[in-house]
Amino acid sequence: MLQYSLRRILGMIPLLFLTSIVVFTLAKFMPGDPFGGEIDPSNTNPEYIEEMREKLGYNDPIHIQYIRWVTNFVQGDFGHSTAHKIPVFDLIVDRLPNTIFLAIVSLIITYIFAFAMGMYSGRRPYTWGDNLIAGYNYVGLAIPSFVAGIIAIYFFSFQLGWFPFAGSVEVGLQPGTWDYYISRMHHVLLPALILGLMGTASYTQFLRNDVIENSRKDFVRTARAKGTSESAIYNKHILRNSMIPLITFLGFDIATLIGGAVITETIFTYPGIGLLFLESVDRRDYAVLMTITMLLSFLTLLGNLIADLLYGIVDPRIRLG
Amino acid sequence: MKKKSFWLISLLLVFSMFLAACNSGNETSGNEKDGDKEEANTGEPVEGGKVTLAVTTAPEGVFEAAYYRSAVDAQILEFTGDEIYQVNDDLEYEPDLATWEISEDKLTYTFKFKEGVKWHNGEELTVEDWQFALETMADPDYDGERFNYVEGIKGAKAKKDGKADSIEGIKVIDDYTIAITFEEMKLNNLENLWSHPMPKKHFEGIAVADLGESEQVRTNPVGLGPFKVKSVKPGEYVELEKFADYYKGEPKLDSVVVKVIDASVANGALQNGEVDIMEVIPNQVEELEKMNHITVEETTGVGYSYIGLRFGHRDQEARTNKDDIDKFKNKDLRHALLYAIDRQAMIDAFLSGKGKVFNTVIPSTFWIAADESELTQYEYNPEKAKELLAGAGYKDVDGDGFVEDPDGEPFSISFGHYAGNATFEGRSQAIIQSWNDIGVKTELATGSLIEFNLYNDMKTEDDEALEAFFGSWSTGSDPDPSGLWANNAEWNFGRWVNEENDKLLNEALSEKAFDKDYRKEVYVEWQKLFNEEIPAIPLWENLDLYGINKRLQGVHINAVGFQTNTHEWYVTE
């Protein structure tokens, strides 16, 4: 397995290389640059803009710019944000914990609801309840997250006042205090609920189908024959078997963890990677934009690898090689 | 049994978390509601208090005037900083931190600083702080964008080019007196001089090249203003607390929070009291005006919109504009295009009435603005537009309903507009329709609204598709329009070149124009020229709009903004 992992990791290098070409070209093809856009005539002089473009190498041929970027990137220098004027690395490290926190909370919510609904549907397929759950899941899948976000803010923040509508923490709280963590939790709940409840469809339906399939198998018939109670059969024998394919979903979730919340973070002004990404597109902040995209590509590849490895671990019949 | 209790306990835990969350939420909103009621009863100022200012884009976090780039950072700097001079309601420059005298030859300005002004770190302000700012900005390593504010000082260019160690034209006389000598005599030398001192002690030991990225600028800035930065949460909020030793008097508020919110929830946040003040856009106004505890303040601002007409190209190498396109050379055609547009109707439809028709490109709030009686008003008159067209030889020869040019060749205009706000679609269609109605065939350039960055690129590169184009400017407080409309100005996007234009603009900056009345006279002449020539079609000046919760009082609003007197803001709860 070690050999297999190593081979896969080596195989990522050409893939990432190709991705980097696409990312770079697309970024540079966007019209404008960090110094175009809205000009404040009383505060900007054309000579400065020219000077900066020259200094940052925007006037060089594109392949030279690419080589320069890749060389620095490989050496761990992700460049400077033109808007924030600090190294991209610092900027991302600053935002990453927020995003991971949001992702984990929303994932827990997804798991809890998906398991409950999936088990129910699997046990009573084609009933009224099953159809209702399927209906809910597909509606959740169909509603864009920005619509759901705004509606949730309107009801839960403005009408009921249960949740804050923006930010990741109450203003002025000191990190490390108890209030601070409670406030963090309080701020993350609404966006996490939106993300979590809207994303249950694939888990639920997958679990449901697997439960149905398993319930027709021989070991279930045997268990029934020897008089095991229905709930023990479902909660113990079937659930354990049906969870195996779900575990592999975890691998794919890694990339979604970081990048899946772009729109939700923006609506909730939740300062994570997603919000940073959108801002950097707006401001043509190339270094930030390209670093985040590369990070996400890498995580997707890594997630695939983990998913494949997990397959091998949970189901010994699958041999990696 | 064991398992059941486990599930029960975990369920309980989850629910208690929800409840805890709900509780704390209820408390805050409850307090605010109480506050509103009290305010309605008393309306009396209260000691201290916290105010939330909302912004819809995140600050970039560069809290030093010489380095910042974003408008939001500028708003925070308004709270934390003060300047040598300030701009009054008529956009005239007045002494603030210093007074000045002008020498006989009008080249040397001697500034006398107020004594006893304190920085946030307790140091006293001296002229060295200002000298430090000017020297930093002329340093070859300075990577901010505002060298043009010190460029005019004698010897600043030499320092920038590395030929001198310090600026020749700066002479420190004592701690409170400094003399600045300019390279050449210009009327707006003062307006173009950098007016923010920099805390020299605070920046001690930092190389100029590293200054913009230093902690001292980003997380721990020091200013002179009524509020100081307490904490910065990047992308989320900046917390400001009052600076008790502020030289104009202790601020009445305890703290101000500048909070980032998404534009889509702005009205809701104002409604439920979580935001006390913010700049709003016309689309928001109708809803806000229905809320009892919100006032919408409006003032004529320094922003305006126009339709640019292309006369030529820019030679980027030589930095000159050449008028080599004849499409809009005919003055009657340009007049007709203006008469064809019902500007008031457009303001009502697309700006909720929050705009003012104007006929030059000088917003009326400037002291140089010409009286309307001196200008042609170009009221909506499609019949007159058709007459003008016919008189100029633009006639429908082939009977397709659209005019041909005087040589009988087909004539059409490609009109460009950028994408963004939802009203832009209607606005661009209204203009196209107006021109089609008088028989001038008009099409939307590229067939759809153009992405904003691309649009700017196209304007800069004189793209052929933009024969006519929608444009807006916000001008700042210097009345001189030459940065936007002079013959060779970069941002004269229509590339309008006119001898009289430059003559008047230069005259208004001449030595003779030190006499204010004369200067105004010259600018009025310029406006008459613009009004007669119509090198671009003036549409309307924008009103600046602010939504303010009634619990916040004492906010003075003028064309420069809403932050001129933040130390006098108070709350009534």
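Helix 15 (499-507) of chain B is part of what covers the buried residues of helix 16 of chain B. Those buried residues are B:R519, B:V522, B:Y523, B:V524, B:W526, B:Q527, B:F530 and B:N531. Keep in mind as you read that this is a predicted model.

How far apart should the ends of helix 16 of chain B be? The helix runs over residues 516-533, and at 1.5 Å a residue its 18 residues should span 26 Å. The end C-alpha atoms are 26 Å apart, so expectation and model agree. Just after this helix comes B:I534, which takes a positive phi of about 45°.

### Chain A as a whole

Now let us turn to chain A. Of the 321 residues in chain A, 32% are buried. Take the contacts in chain A between residues at least 6 apart in sequence: 72% of them join residues at least 24 apart.

An unreviewed UniProt entry lists "transmembrane region" for residues 9-27, 100-120, 132-156, 188-207, 246-268 and 288-314 of chain A. Chain B has a listing too: its unreviewed entry gives "domain: Solute-binding protein family" for residues 92-490. The table sets out three of these listed spans.

| Span | Helix | Strand | Distance between end C-alpha atoms |
|---|---|---|---|
| Residues 9-27 of chain A | 100% helix | 0% strand | 26 Å |
| Residues 188-207 of chain A | 90% helix | 0% strand | 27 Å |
| Residues 92-490 of chain B | 24% helix | 22% strand | 26 Å |

### Two helices that cross

Two packed helices are described by the angle between their axes and the distance between the axes.

Which residues meet here? From helix 4 of chain A come A:L91, A:I92, A:R95, A:L96 and A:T99, and from helix 12 of chain A come A:I273, A:G274 and A:L276. The residues of this contact divide into five nonpolar, two polar and one charged.

### Where the chains touch

The contact between the chains takes 42 residues from chain A and 48 residues from chain B. On the side of chain A that touches chain B, the elements giving two or more residues are helix 2 (46-55), helix 6 (145-159), helix 7 (178-198), helix 11 (262-267) and helix 12 (273-282). Helix 6 of chain A gives the most, with four residues. By class, this side of chain A has 23 nonpolar, 15 polar and four charged residues.

One residue of chain B lets us look across this boundary. B:A58 sits in the loop between strand 1 (50-55) and helix 2 (71-80) of chain B. Is B:A58 buried or exposed? It counts as buried, because it has 22 C-beta neighbours inside 10 Å. Leaving aside neighbours within four places in sequence, B:A58 is in contact with A:E279, B:G235 and B:V260. Between the C-alpha atoms of B:A58 and B:Y380, 322 residues apart along the chain, the separation is 41 Å.

Methods: Residues are numbered from 1 along each chain as its sequence is written. Chains are lettered from A and ligands numbered from 1 in the order in which they are written. This is a predicted model: local features need pLDDT of at least 70, side-chain atom pairs count only at pLDDT 80 or more; totals for chains, interfaces and linings use all residues. UniProt positions are given in the numbering used here, feature names are shortened, and annotations may be inferred rather than shown by experiment. Two residues are in contact if their C-beta atoms, placed from the backbone, lie within 7 Å. Ala, Val, Leu, Ile, Met, Phe, Trp, Tyr, Cys and Pro count as nonpolar, Asp, Glu, Lys and Arg as charged, and the others, Gly among them, as polar. A residue is buried if 20 or more other C-beta atoms lie within 10 Å of its own, exposed if 12 or fewer, and partly exposed in between; C-beta atoms are placed from the backbone. The expected span of a helix is 1.5 Å times one less than its number of residues.
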